[in-house]
Amino acid sequence: MQRTEPNSLLMRALTRAAKSYIAGDTLSEALQIAQHGSGLGLRCTLCYWDDGTEAPEIPAQHYTQILHVARALGLDALLAVKIPALHKRLDLIRPLVELGRNSAIPIIFDSHQPEKTDDTFRIIDAVGPEGLGMAIAGRWRRSHQDAERAISLGLRVRVVKGEWPDPGAKPADLQKDYLAIVERLAGRAAFVGVATHDARLAAKATQILAKAGTPFEQEFLYPLPIEPALKAGRPHG
């Protein structure tokens with residue numbers, strides 16, 4: 001019981017913060033923005049943002065609906081999945097993965113606390129890496145090892161600064177740590193997502209990947225401004 005209250009406070013704080021990034025309260029509202037982005041030549045990542053209290057079947061149903069609708073609309077889309085929301089249940093995750101593969105929609109497992117990355121790898125080992133990706137936070141001590149494992153599995157890797165700090169680690173230099181992961185992936189990873197609105201960081205990361213010939217794309221959070229970072233990556237396609 002002593003752990004419940006802090007965790008619930010954290011979840012409420014994160015939920016409030018997340019409101020800024022939610023495209024709409026319904027899938028149809030999010031799809032309107034996805035279709036508008038598609039008209040501008042932008043791929044869209046869709047996700048159901050759970051509140052941390054729902055039974056795992058509910059997020060699974062929403063993820064399934066996203067895949068079906070995105071396929072029916074012919075959207076150039078990805079699905080971001082939060083493994084903790086599904087309580088690590090393979091009976092829910094395996095059908096999602098198969099549906100994503102059959103729909104040619106990549107599934108990216110989101111980043112959470114450092115220790116939860118082990119759950120992500122266990123799931124990937126169980127279902128196989130085809131059509132899957134994961135987010136790796138530059139600020140964690142374990143991230144270089146995680147990047148090596150992702151490379152060996154042929155996963156798409158989304159590089160993020162990391163929402164959660166690494167307990168016991170020295171204070172992070174977020175830009176330096178981010179670029180160190182990008183450099184490790186360059187020339188070796190199957191595909192890299194450069195997830196940052198920091199134009200200077202985006203310029204350096206995209207240059208590293210382009211020089212190495214690594215397939216990559218830039219990724220942004222709706223509705224934050226994207227033009228400065230997009231301009232930095234535009235010379236590299």
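1. In this predicted model, helix H5 (residues 117–127) packs against helix H6 (residues 143–153) with the two axes 12 Å apart and at an angle of about 15 degrees. Because angles under 35 degrees count as roughly parallel, H5 is to be described as roughly parallel to H6. The crossing of this pair is left-handed.

2. On the H5 side, the contact between H5 and H6 is formed by Thr-117, Phe-121, Ile-124 and Asp-125. Their partners on H6 are Asp-146, Arg-149, Ala-150 and Leu-153. By class, this contact comprises 4 nonpolar, 1 polar and 3 charged residues.

3. Helix H2 (residues 27–39) and helix H3 (residues 57–73) have axes that come within 12 Å and cross at roughly 40 degrees. That angle makes H2 oblique to H3. The crossing in which H2 passes H3 is right-handed.

4. Where H2 meets H3, the residues from H2 are Leu-27, Leu-31 and Gln-35. Those from H3 are Gln-65, Ile-66, Val-69 and Leu-73. The contact of H2 with H3 contains 5 nonpolar and 2 polar residues and no charged ones, whereas the contact of H5 with H6 has 3 charged residues.

5. The volume of the largest cavity is about 50 Å³. Strand S5 (156–160), strand S6 (191–195) and strand S7 (216–219) are the elements that each give two or more residues to its lining.

6. The lining of the largest cavity consists of Leu-78, Ile-108, Arg-156, Val-157, Arg-158, Phe-191, Val-192, Gly-193, Glu-217 and Glu-219. By class, these divide into 5 nonpolar, 1 polar and 4 charged residues.

7. Among the open sites, the second largest pocket has a volume of about 260 Å³. It is lined by 13 residues, of which Gly-138, Arg-139, Lys-170, Ala-172 and Asp-177 are the closest to its centre. Helix H7 (residues 174–185) gives the most to this lining, with 3 residues.

8. The lining of the second largest pocket divides into 6 charged, 5 nonpolar and 2 polar residues. Among the residues closest to the centre of this pocket, Arg-139, Lys-170 and Asp-177 count as charged.

Key: Residues numbered from 1 in each chain as written. Predicted model: local features only at pLDDT ≥ 70, side-chain atom pairs only at ≥ 80, totals over all residues. Heavy atoms only, no water. 1 Å grid on protein atoms, 1.4 Å probe; cavity = no way out; pocket = protein on both sides within 12 Å on 5 of 7 lines; lining within 4 Å. Points joined across faces, edges and corners; volume = space filled by probe spheres on them. Helix = DSSP H or I, 4+ residues; strand = E, 2+ residues; numbered from the N terminus. Axes fitted to C-alpha atoms, helices over the stretch in contact; angles between N-to-C directions. Parallel < 35°, antiparallel > 145°, perpendicular 65-115°, else oblique. Left-handed = near helix turned anticlockwise from the far one by under 90°. Contact = heavy atoms within 4.5 Å.
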